[in-house]
Amino acid sequence: QVQLVESGGGLVQPGESLRLSCAASGNVIVISAMGWYRQAPGKQRELVALLTSDGSTNYADSLRGRFTISGDNAKHTVDLQMNSLKPEDTAVYYCNAELSTWAGNYVYRGQGTQVSVSS
């Protein structure tokens, strides 16, 4: 069993920053990628940022420059620094991990953390 625990969401004003964190625990052997997705009300879930085990990153084009993903693969953690937040960044943010356990390869998703940007 694997758990992804997210933290760091909240309510901020436009232009402010937030940092999200996610930690994977349980029967994890290796993580090939960890990242963040988000889903706004009435919209489809979309990729925010992804960090692979070799250090490569992938960002949604619209977020590049404002959001930065980082992590520690050995500790099974990933963070998302979000700067200059806008009301349109309001969404539930989900941590996502592609990993291997003794039972096989799986994709796990956390329960989500709410980010609200409003004046």
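Begin by selecting His 76, which sits in the loop between strand 7 and strand 8; strands here are DSSP runs (E, at least two residues), numbered from the N terminus. The model is a predicted one, in which local features need pLDDT of at least 70 and side-chain atom pairs count only at pLDDT 80 or more, while totals for chains, interfaces and linings use all residues. Residues are numbered from 1 along each chain as its sequence is written, and side-chain values use heavy atoms, with hydrogens and water left out.

Is His 76 buried or exposed? His 76 is buried, at a relative accessible area of 16%; buried means under 20%, exposed over 50% and partly exposed in between, with a 1.4 Å probe and protein chains only. Neighbours within four places in sequence aside, His 76 is in contact (heavy atoms within 4.5 Å) with Cys 22, Ala 23, Ala 24, Val 28, Ile 31 and Met 34.

Because Cys 22 belongs to strand 3 and Cys 95 to strand 9, the pair ties together parts 73 residues apart in sequence. The angle about the S-S bond is -85°, and the link of Cys 22 and Cys 95 is left-handed. Cys 22 is buried, with a relative accessible area of 3%, and Cys 95 is buried too, with 0%.

Then select Met 34, Trp 36, Leu 80, Met 82 and Tyr 93, the residues with the most contacts inside the largest nonpolar core, which has 31 residues. Such a core is a set of buried Ala, Val, Leu, Ile, Met, Phe, Trp, Tyr and Cys residues joined through side-chain atoms within 4.5 Å. Strands that each supply at least two residues of this core include strand 1 (2–7), strand 4 (30–39) and strand 8 (77–82). Strand 9 gives the most, with 5 residues. Centre the view on Leu 80: beyond neighbours within four places in sequence, its contacts include Leu 18, Trp 36, Val 48, Phe 67, Ile 69 and Tyr 93.

Finish at Tyr 94. Arg 45 lies over the face of this ring, 4.7 Å from the ring centre, and Arg 109 lies over the face of Tyr 94 at 5.6 Å. A charge sits over a ring if NZ of Lys or CZ of Arg is within 6 Å of the ring centre and within 35 degrees of the ring normal.

Definitions and conventions
Helix = DSSP H or I, 4+ residues; strand = E, 2+ residues; numbered from the N terminus. Disulfide = S-S within 2.5 Å.
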